[in-house]
Amino acid sequence: MRFITALIVTIALNCLPAWAAVAEPQPDSCDVPASLLESEIDLSRATAEMKEKHRLDISVLGTGSSAIPGPDGAHFAYPAQLEDALKRQLSGSEIKVTAHIQPKQTTANMLGSLEKILADDKPSLVIWQAGTADAINAVETEDFRASLEGGVDKMQTAGADVILMNMQYSPRTAAMLDVSAYADVMRHVAQQQNALLFDRLAIMQYWNDIGTFDLYAATKKYDMARRVHDCIGRALASQIINAAHLDALRMQTTR
Amino acid sequence: MLASATAAPSPLPSGGRDLRLDLFRGVALWLIFLDHIPQNVVNWFTIRNYGFSDATEIFIFISGYTAAFVYGRAMRERGIVVASARVLRRAWQIYVAHIFLFTIFMAEIAYVASTFDNPLYAEEMNILDFLKQPDVTIFQALILKFKPVNMDVLPLYIMLLLFFPPMLWLLIHQPALALAGSALVYVLAWNLDWNLPAYPNGAWFFNPFAWQLLFVFGAWCALGGAQRLSAALRSHVVLAIAIAYLVFAFFVTLTWYVEPLGRFVPGWLSSWMYPIDKTNLDVLRFAHFLALAAVTVRFIPRDWPWLKSPYLQPAIRCGQHSLEIFCLGVFLAFAGQFIISEWSGGPVVQTLISLAGILIMVATASLISWYKQMEGRSPAGRTKPPDADLAGGEA
């Protein structure tokens with residue numbers, strides 16, 4: 001009987017969220033507050049490559065959330081969008097983003113192919129998206145930490161700067177999938193090993209909170225996924241340009 | 001501290017119910033409820049954001065304290081067999097409650113799986129893969145290996161109670177030895193990586209080998225340990241250390257949320273301090289709880305007049321029926337989160353849901369009190385066991 005009372009009261013509250021949703025603003029852009037992108041870490045290797053060779057080689061390592069399903073998904077996913085955004089802003093330099101997406105791979109599994117990727121791509125910057133598969137598979141956070149540390153170490157030894165990208169903000173699955181412990185580990189590893197953190201979790205939550213995207217929405221269409229990835233690609237581009245101090249370079253190359 | 005214990009059975013604390021236990025357990029239940037709703041502005045007010053330990057520590061410590069209080073008396077008055085039987089019956093009740101919550105959880109998950117679709121979250125939806133093998137999943141849940149998010153506390157509690165009868169006997173007859181044994185298990189668990197396996201991977205989120213220390217420490221305090229510590233608790237030095245530690249923990253916690261402050265935490269400190277492990281009840285968390293408890297008992301005496309104030313009765317009521325209210329809180333957190341995610345809720349809705357949840361918890365606790373009172377008064381009603389409810393709805 002208590003539970004029935006509980007249900008009635010909670011259902012009675014339903015009408016309130018509907019009003020709240022109507023009242024929320026709907027900005028067109030997906031700008032991210034500077035505080036979510038700024039960092040004290042410099043991407044010095046990326047800066048050097050740009051200065052010396054006028055090119056930037058970026059490798060993206062990731063799992064399912066670095067891709068959009070479907071045959072043309074890769075074209076719309078954030079690695080491709082990042083490349084476009086960088087090319088637009090750094091015209092005159094050669095930008096190459098190579099994506100290595102392996103769905104369902106835990107961080108430990110991703111280490112297996114890491115050396116080959118680093119040898120093939122010779123990136124000056126690696127964007128490593130991780131954590132979701134580990135949370136789904138309930139990998140112990142200490143094992144997750146060890147894999148991350150090992151991977152970041154290898155990347156840096158191979159001469160690349162590292163950006164760690166954490167999970168997507170996914171309110172619908174939050175009841176089943178608690179990613180916060182893994183996000184904490186990523187933040188900490190980034191801090192300890194001088195890697196940059198791209199806080200996708202906080203950025204997507206921000207977009208959801210201010211109404212840029214309704215991430216609760218159920219849809220079979222790809223529009224929203226594409227727009228979110230486009231926005232992530234652009235946010236990443238501005239984080240890279242800031243941290244590698246490429247604003248100045250952009251001025252020089254366009255002059 | 002340990003040396004002061006003697007081989008003679010320790011005295012049971014005098015006097016009746018310590019309302020402070022009910023009060024703080026009630027508050028802990030509210031905080032656990034709030035923390036279990038992930039998107040909730042209100043959980044900025046819960047203690048986990050202001051120090052290392054959180055409501056779980058309070059809940060487990062008080063549960064150990066009350067379990068020893070209730071079953072310790074049973075063990076002295078009616079013997080080890082009766083007391084053990086009652087502890088195990090309590091474990092069984094908690095098990096049934098856990099499985100009941102699991103059923104509700106499965107219903108919610110199955111609903112989300114059948115209604116939610118978004119290509120953006122193709123990866124996250126893999127979490128629902130376990131629905132493809134309901135036989136395995138349900139069996140693993142029954143043997144407490146599969147525990148969905150936020151359903152880790154009750155299995156811990158069950159494990160603690162299963163091993164409580166011999167520990168209780170030891171606590172009554174050799175309290176110092178019992179506490180030392182508990183600390184030894186804690187140390188061994190850290191050094192030898194003891195934990196129970198979980199499904200599909202990993203280990204228990206609350207490692208019973210580590211968390212038993214807090215439960216046993218609570219029980220030890222109930223069986224006379226608190227009196228033994230009272231001299232230390234009155235000392236100004238202890239108070240100063242406790243307050244200094246709480247302030248330190250507060251500033252460290254602040255750096256987690258205010259990024260620019262992170263530079264004030266020196267590298268050697270963070271590499272020594274982190275990670276502050278919740279699974280294995282990090283020493284820093286345990287110490288933080290001890291400091292909180294020391295400060296609390298110092299400023300809130302047993303006969304604190306406010307304990308009789310009507311304003312605190314709602315929390316006290318909830319603390320007095322902790323198992324029911326804990327389960328209700330887990331359910332309400334599911335329901336609240338469900339509302340927030342199905343109909344999207346801003347801060348106003350989150351606040352309303354939080355308040356409504358606490359009100360429902362209070363109303364239910366009052367209802368249970370009323371039932372018990374009514375049954376107690378009814379002429380046909382059986383006589384209650386002498387110690388029922390003494391310390392907060394048993395354990």
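**Close-up views of a two-chain predicted model**

View 1. Leaving aside residues up to four places away in sequence, B:N43 is in contact with B:L34, B:D35 and B:I37. The residue lies in the loop that runs between α1 (19-35) and α2 (55-115) of chain B. Is B:N43 buried, exposed or partly exposed? B:N43 counts as partly exposed because 18 C-beta neighbours are found inside 10 Å, while a buried residue would need 20 or more and an exposed one 12 or fewer. Between B:N43 and B:L144 the C-alpha to C-alpha distance is 28 Å, and the two residues are 101 residues apart in sequence.

**View 2. The contact between chain A and chain B.** Chain A contributes 47 residues to this contact, and chain B contributes 48 residues. On the side of chain A that touches chain B, at least two residues come from each of α1 (2-12), α2 (15-23), α9 (132-136) and α13 (223-243). Of the elements of chain A, α1(A) gives the most to this side, namely six residues. Sorted by class, this side of chain A holds 27 nonpolar, 13 polar and seven charged residues.

**View 3. The open sheet of chain A.** Five strands with parallel pairing follow the order β2-β1-β3-β4-β5. β2 (94-101) and β5 (196-198) stand at the edges and have a single partner strand each, so one side of each is left without a neighbour in the sheet. From one strand to the next, the twist averages 20°.

**View 4. Strands β3 and β4 of chain A.** Strand β3 (residues 125-129) pairs with strand β4 (residues 161-165) in the parallel sense, over five bridges. Opposite A:L125 stands A:D161 in β4(A).

Definitions and conventions. Residues are numbered from 1 along each chain as its sequence is written. Chains are lettered from A and ligands numbered from 1 in the order in which they are written. This is a predicted model: local features need pLDDT of at least 70, side-chain atom pairs count only at pLDDT 80 or more; totals for chains, interfaces and linings use all residues. Helices (H or I, at least four residues) and strands (E, at least two) are DSSP runs, numbered from the N terminus. Two residues are in contact if their C-beta atoms, placed from the backbone, lie within 7 Å. Ala, Val, Leu, Ile, Met, Phe, Trp, Tyr, Cys and Pro count as nonpolar, Asp, Glu, Lys and Arg as charged, and the others, Gly among them, as polar. Two strands pair if DSSP finds at least two bridges between them. Axes are lines fitted to C-alpha atoms, for helices over the stretch in contact, and angles run from 0 to 180 degrees between N-to-C directions.
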